[in-house]
Every structure is written in structure tokens, then in C-alpha cells.
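Subject: Structure handover

Hi,

Here is the structure for your files. Please open it alongside this note.

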2 protein chains.
Amino acid sequence: MSSNGAQPASKQARTMAEIADLAGVAESTVSRALAGSRRVSEETRARILSLVEESGYRINARARSLRTQKTRTIEVVIAISESNRQHFSDPFFSQIVASIADALAENGYDLLLSRACPWTDIMGADALASNRADGVIIIGQGRNPEPLARYAETRKNVIVWGADIPGRDYAVVGSDNLLGGQLVGRHLLSQERNRVVFLGDIRHVEIGLRHRGCMMALTSAGAAQDQTLTLSMPFDSASAYQATQSLFRSGAWHDAIFAASDLLAIAAMQALADLNIRVPEDVAVIGYDDIALASYMTPALTTVRQDTAAGGRALVENLLTLIEGGTARDVVLPTELIVRRSCSAK
Amino acid sequence: MSSNGAQPASKQARTMAEIADLAGVAESTVSRALAGSRRVSEETRARILSLVEESGYRINARARSLRTQKTRTIEVVIAISESNRQHFSDPFFSQIVASIADALAENGYDLLLSRACPWTDIMGADALASNRADGVIIIGQGRNPEPLARYAETRKNVIVWGADIPGRDYAVVGSDNLLGGQLVGRHLLSQERNRVVFLGDIRHVEIGLRHRGCMMALTSAGAAQDQTLTLSMPFDSASAYQATQSLFRSGAWHDAIFAASDLLAIAAMQALADLNIRVPEDVAVIGYDDIALASYMTPALTTVRQDTAAGGRALVENLLTLIEGGTARDVVLPTELIVRRSCSAK
DNA sequence: TGAGTGATGGCAATCGATTGCGCAAGAGCC
DNA sequence: GGCTCTTGCGCAATCGATTGCCATCACTCA
């Protein structure tokens, strides 16, 4: 353990009391010096700071948070599906989490990542109740928004990524899923495609809205309802691949697929390719999310962008406002159709 | 706020002392009852448990951890690149984090997600020193493994995902990058492709090994060194796309691309497609990681699988062993070439 | 000279759970 | 009847930082 010269073999201090001893002052003075209180002289503060530096001392966060009743930690819960725990690997979710992480870091907050909903009965799942976090960001309302609504009713610092659904009394940040669906529907019409397959589990609130928006646009233009088909399925690529394959195996009657997420769209495109069905010539494909890889598909994927960067920021800002005693406001992010090759001119 | 009948308007207890009052016992007894100590009678325990249930009481984690000196929290740091903070959205990393999250949850640990290296000077970056975590998992050694090595020297509970490099005294879990590279090299030879482009920043330890393995295989078979080209570049799709495009713009002299990650490979494939260069007929493409989407590319991507599920588990097991006072052992995960269309028979 | 003022800094209570030690009551034994 | 065990539970110290309140000191001003 040949330590280099950078760190003179000085006392290693683990607690404030030790620093106080070294500096010959009281603990309270050290605490104030570190907190930047103006009640300690510059001279004393400098002395303390240099001792802290030398000794590698760090304030014990758990002791501090016990005393201050603040953890400076936010829990982030990925909760969109109760059955399928693979969601975190959906690039859309990791993009959101990444931007939340950045926004939190900027504000000096830690990020506690959870894979279990706090309202399940799993012991210790509720970080808020056990004082491990000051607030919670829930990503997704899931197929059944009831438990979330009940959970949020009794907590104060909860913000949700999702849709504006009735019966909620928590603030929501999200994109306009209905509009997103409409944009897709209109675009399909402009391409003269009206035999559309929708891929996704419409029992999810957000996805249901995307579906409805699209159908509204199609039918309002007089497209026959019965030319569209909805394939309800779990939220994973394998299911999307299989569903697409079995639908198109005997040839393509439909001329477009609208998938509830890019992940599903990509799997669908692969299924079509394997059947030698051309995209977009025979069947156009549109996804949702605009994940980073969407533009690198061949053909590049047409999709509805969800601005995860803005979303993460809005979630965090809202939550911090709430924590500071303010009021959260719902945020609807702009929604934009990104037209790429997979659904452009035939 | 019309509460339903499930929760009779019973006392809300926030602390153990309140539970103790309600039960007519001492705090210590409550604590023991909750901890499952055999020193309280079943009768007392049952009474306490039902009170806890009714009142919705949850042990205050920060008070407990102050007393027990354990946080039951692990910090996970994504640190592969100092300059590029976008890594978390690389599906490979989110897959690893997801599997770490699962393994930690199974063991009752929380996961603190960090985007800043604990050895930077950013205030509060060091969760270990400030007692916010019991251990740290570092994902990636980065281009410069020195700071990590120095950091790990003075800490006890550190586990790293990465490569077996000299000068480290921390335990490492990772796949055999050299072998991975060799598998790729041999496969390329078997396809009679020896004018290979390597895409990636070989200053990253792991990527350097992949590169070296591939080159070893190629040259050992007599392939001329000067037929291979190494394009060093940041770790993002855009760079990969551009590099590939400008290299192949004037036609394809090379007949294969080996990319350091699937993300880069996918971007490269897109660049080739945009130049009307056929994959695999004209140029074969091989990636690394086998992310979930790799098999859904068109053509499906040949790649070297890194078993993120096993990796996450091994990281967590190792770290928990360390925390319990045991010794960590290096783990080299099996490495496997997954041959798909993007590089199979011409 | 004495009261008033401002700048520093210390004392001790506090946050909430854990745990070593001690005590009391009842059981078992000779 | 006296003794030792066992079982069940309470007392109080402890983890480490924060903060309201008080003490001290050096000046200033009247």
C-alpha cells in the first residue's frame, strides 16, 4: 500500500466530531462551516475546510438526512406493465431515465431506481413510506391505473409520466398520445393507406389513446372501420414479430402497420422482410417514440417523437416544485410526426 | 378525500415509539418483533404486527441505517466514457443495469443510479464515502483506467464490469473480449473476408482487446496487416454512420466491418444501405453485445453475445460477498459468436 | 464606567431505530 | 424452600449531523 505523496499521512477523520477536535472547535461550528453559514469567520472556515480536504472527510448522508428529514433522493419507478418486467430495456424508457438522471444530478439529487411498484405488497417496496426518498417519479400508468391512483391519493410527492386520465389526482407529464395517433392517421391517409393494422396493447392508457387518435383520423376521412385491424399483444418484440408474421404469412391485404412503439415496429419490419414483403412499397410501417435507433433502421422508421429530454426535465422540475411545497402542473409535450422512408411516398 | 373502508380510520403511526405506545410495550420490543427476533413471544409479535399493518407504519430506513451502519443500497455507475454522457441509452448498458436491478431487488438492496464517476471532484459524487451506499458497481473502465484504479485502492466494496487489465486490485466481471475478437476474426476468415474495417475507439480497454483479438486471428492466418483498417471514433451512432459513409462513398474495397458495439454496427449498416452497398453480399457487418434488437435488424446482425443477465448476477453476487466480508473472484463470462445474416455465406 | 451591539462559537436536544445488559416472573430441580 | 434456568421485556446508550438558544468577547457609544 505505498501511498503516493499527494495525501500526506494525515489523520483520517470519519465524523464531524473528529474534524472538530482537529480544528479545536465544536461540532456545531464544523457543521456551520460546511453548510456555508455566515456565522463562522472566514478564518475558522478555511481552517476547517482544509482539514476536511486533508482527511478526506465526507458528511455522513444518512445521519444528515435523519436530522434534516430530507434524503435528497428521488425514486424512479418503471411500472408500465405488471406482467412484463423487461420494460427497462426498451430504449424509450432508458432514454427517459437517463434524462431524469441528468436533471436530478443537476439539482443535487440522487436517483433510486426501482423495478417494483411501491404499491405492491413487496416488503420495503415503498421508498417514500420508509423515508428512502423525498419523492417518486412513476413512469407509465400501466394497464390498470387504479392502484396508482389510490397510491398517489395518500402521498404528496408523486409525479407520473403518462396520460391525462379521469380519476387521477396526481400531476402528469407526457405527450399528447391522441394527437400523436391522429398525426399518424392523417399521414396514412395522405399516403392513401387505409387498410391499417394497429400493433399494441390498447388496454394501456397511453396506447389506447394512440390507437383511438389514429382510428379517429381514419374514420373521419371515411375509411371503413372494418378495414382496420387491431392486434393486441404484450409489449415485446417477439410477440410483435410473431403476430405480424402470422397475419401476413398468406400475403398482404393490409397496406400499413402502426405500432405502439418503435420496438414493436422494428420487429414488425423484420417479420415483413422475412416474408419478402417490401417496406414501404407493399406495407408501410410507423412506430412511436422515435428512439435513437429509429433513424438507423433500413428503411428508416417513420415515427412519432416523444421528447424524452424535455420530459425528464419537466418531471424533475415538477417534482422538485412539489417537494418545496409548490404546486405541480400538468405538462403536455409537443408531439411531432417524423416522416422517414418506412412510410413515405409509395 | 373519501377514503374507502379498507383502512379503518386508525391511528397513523410514524415511529416505532408510537407503535410501542399503541401496543403497550417498549420500543425495543417492537424493534425485535419486526426483526423476527425469538426474544418476543408469538403473541406479542402478532399484536405488534397487526398494529403495524393497521397504521401503515414503515420502518424509517434512514434511522435504521444510521444505527446499523448499513444502507442496503448499492451504487451503480455508468462510467465508460468521460466525454460522452449518452452511454446510458446504449441498450447494452441498460440491459446490464436492468439485470443488476433485478439481482439487487432479489437480495433486498436498493439501486442508486449515478451518471458521475465517484472519483470526480463533483460534490457528493462519492456515495460510498458519504454513506449513501454499501458498495459500488462500476460499469466500464473507460479510456483511462487510472482514476478508477486509484479510487478502488482505498475502498473495499467495489466491483467493476470490464476487462482484466494490469494494475488493478479490484475484482472484475466481464466477457472475454480478446476471445470475442478472435471468434470474429476466425469467422471472417471462414467467410474469406480479410479486408476488414474495425469501427470503434480502441483506447477503451475492452474495445482494444476486441480489436486485438480480431487482428490476431486475421494475421495468424496470413492475412496482410495492411488490408485492415481501424477507424477510431466516439461511441455513438452518428459518428459511426459518418465514418462508414465517408469511407465507402467511393465504393467498397473492404469486404467486412467489425464494429465495437451493435449500436455502431447498426449505424454502419444504415450507411452502407444508403450507399446501395449490399449487406452481406458486398460488405459483411459484425457487431458486439447482441442487444435485444440485433436479431430484428434487416439483415439480422451477426454479433458477439455478452450475457448481460449472467453479468448482472455475477456483479451483484460478488459485491454482496465482498460486503459480507468475503473475497470477490473475477468472473469471465462465456463468449459466443451469434451468426446471423449480416455476415454469413456470401 | 456601564450598557448595548455584533460577531463567534459551544451546549445539548433531536431525528428514529437498534442492541447490550439487566431485571422479573415462572418453571424445573434437588 | 432455596436455587438455577429460561423466557420475555424494558432501560438507556448509541449511530452522526443539525440547530435553537445561550455564553463570551471585543468594541462602541453615551
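Predicted model: local features only at pLDDT ≥ 70, side-chain atom pairs only at ≥ 80, totals over all residues.

Residues are numbered from 1 along each chain as its sequence is written, with chains lettered from A and ligands numbered from 1 in the order in which they are written.

Chain A sheet. Strands and helices are DSSP runs (H or I, at least four residues, for helices; E, at least two, for strands), numbered from the N terminus. In chain A, 6 strands make an open, mixed sheet, ordered 7-6-8-9-10-12. Strand 7 (229–231) and strand 12 (336–338) of chain A each have a single partner strand, so one side of each lacks a neighbour in the sheet. Pairing takes at least two DSSP bridges. Strand 8 (256–259) and strand 9 (284–289) of chain A run parallel, joined by 3 bridges. There, Ile257(A) sits opposite Val285(A).

Chain B helix 8. Its 16 residues (205–220) should span 22 Å at 1.5 Å a residue, and the end C-alpha atoms are 22 Å apart, so the two agree. The expected span is 1.5 Å times one less than the number of residues. Of the 16 residues, 12 are buried (20 or more other C-beta atoms within 10 Å of the residue's own, C-beta atoms being placed from the backbone). Among them are Val205(B), His211(B) and Leu218(B). Just after helix 8 of chain B, Gly222(B) has a positive phi of about 90°.

Best wishes
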